[in-house]
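Here is a report on one chain, written for a reader who works with coordinates. Please keep the structure open while reading.

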Amino acid sequence: MAMSTEKKVGFFFLLTLCVLAVMIELVEDWQPFTEQKEYQTFFDTAVGLKLGDPVRMAGVEVGKIRNISIDDSKVRVDFYVIEGTDIKTDSVAEIRQTNLLGGQFLGISFGSRESSPLAPGRAISSKERANIDQLITNLDRNQERVFGQMGELVEQSRDSIVNSASRMESVLHKIDKGEGTLGRIINDPGLYDEIETTVVELNGLLVRLKKGEGTLGKLMTDSSLFDDASVMVADLRVISDRLKDGKGTFGRLLVEDELYTNANDALINIRDVAAKANKGTGALG
């Protein structure tokens, strides 16, 4: 059965798409109009790095990895960068992670401004980073060390812990039997009755205070006591002001120096009279 023209065109279009997809997969790195510069670098380990992984400078993709091989007990990584990418003699290559899921790429640093460009085909210095295997190994080592120290600490403290537990069990046993002050407090029902009676009495006392009964209740509820105290304070303030201004007898005694001088002279005269009397001088003597 002959195929129609429409079917032939559709089949040819589908075949063309398949061939195009294969070509894109096979010649992904083929860039005939872009010059590429080849370099290599060496690592002790290259866990997770694979062919076709990107080469980046400051996060910008500038090339790809062409080959990964073993060369003299080192991992050799051959890669290329596109034309216009300046790699300096002091640039450093390191394997870095794209994300937390484990994607890898080869990162190249810019190098210093005063350093000269590195010729294509030369090797770039590398910097090792801790990979996941090393992190897990270090974690296991630290975990063993911590748990080992904890085990030794527990072993050294075992006797003390056992003795403390035995003493605590003995104390709880005595409390359960009602021995000692704490045991009597917990197990004596009479104490609860006394506490309940005390609470009832306190409640009655508070009710009486609230009603204004008794001396303390009146002090708390009678507003006239507060008014009297306010009047007394006002009177005391007036008296204090009068004394400060030198009014009245006490005020003059406080502020006038003449009264103090006269009183002092009088005391001196009395002292002289008393001295003469003691000596037998004069009519009084």
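## A buried loop residue

Ile87 is buried, at a relative accessible area of 2%. Buried means under 20% relative accessible area, exposed means over 50%, and partly exposed lies in between (1.4 Å probe, protein chains only). The loop between β4 and β5 holds Ile87. Helices (H or I, at least four residues) and strands (E, at least two) are DSSP runs, numbered from the N terminus. Not counting residues up to four places away in sequence, Ile87 touches Tyr39, Val81, Pro117, Leu118 and Ile124. Contact here means heavy atoms within 4.5 Å. Tyr39 is 48 residues from Ile87 along the chain, and their C-alpha atoms are separated by 9.6 Å.

This is a predicted model, in which local features need pLDDT of at least 70 and side-chain atom pairs count only at pLDDT 80 or more, while totals for chains, interfaces and linings use all residues. Residues are numbered from 1 along each chain as its sequence is written, and side-chain values use heavy atoms, with hydrogens and water left out.

## The chain overall

The chain has eight helices and seven strands. Of its 285 residues, 16% count as buried. Among contacts between residues at least 6 apart in sequence, 57% join residues at least 24 apart.

## Barrel and core

Seven strands form a closed barrel with mixed pairing, in the order β1-β4-β3-β2-β6-β5-β7. The twist averages 40 degrees from one strand to the next. Axes are lines fitted to C-alpha atoms, for helices over the stretch in contact, and angles run from 0 to 180 degrees between N-to-C directions. Strands count as paired if DSSP finds at least two bridges between them. β1 and β4 run antiparallel and are joined by eight bridges. Glu38 stands opposite Tyr80 in β4.

The largest nonpolar core has 19 residues. Such a core is a set of buried Ala, Val, Leu, Ile, Met, Phe, Trp, Tyr and Cys residues joined through side-chain atoms within 4.5 Å. Val55, Phe79, Leu106, Ile108 and Ile124 have the most contacts inside this core. β4 gives the most to the core, with four residues. Leaving aside neighbours within four places in sequence, Phe79 is in contact with residues including Tyr39, Val55, Ile65, Leu106, Ile108 and Ile124.

## Salt bridges

The count comes to six salt bridges. The rule asks for a side-chain nitrogen of Lys or Arg within 4 Å of a carboxyl oxygen of Asp or Glu. Three of these pairs are tabulated.

| Glu61 | Lys64 | 3.0 Å |

Shared partners join Asp71, Arg76 and Asp78 into one network. Asp78 is buried at 12% relative accessibility. Arg76 is partly exposed at 26%, and Asp71 is partly exposed at 30%. In the other tabulated pair, Lys64 counts as buried at 15%, whereas Glu61 is partly exposed at 40%.

## Positive phi

Which loop holds Asp72? Asp72 lies between β3 (60-70) and β4 (75-82). Its phi is near 55 degrees, a positive value in a residue other than glycine. Asp72 is exposed, with a relative accessible area of 68%. Ser73 is found in the loop between β3 and β4. Phi of Ser73 is near 60 degrees, and Ser73 is exposed at 71%.
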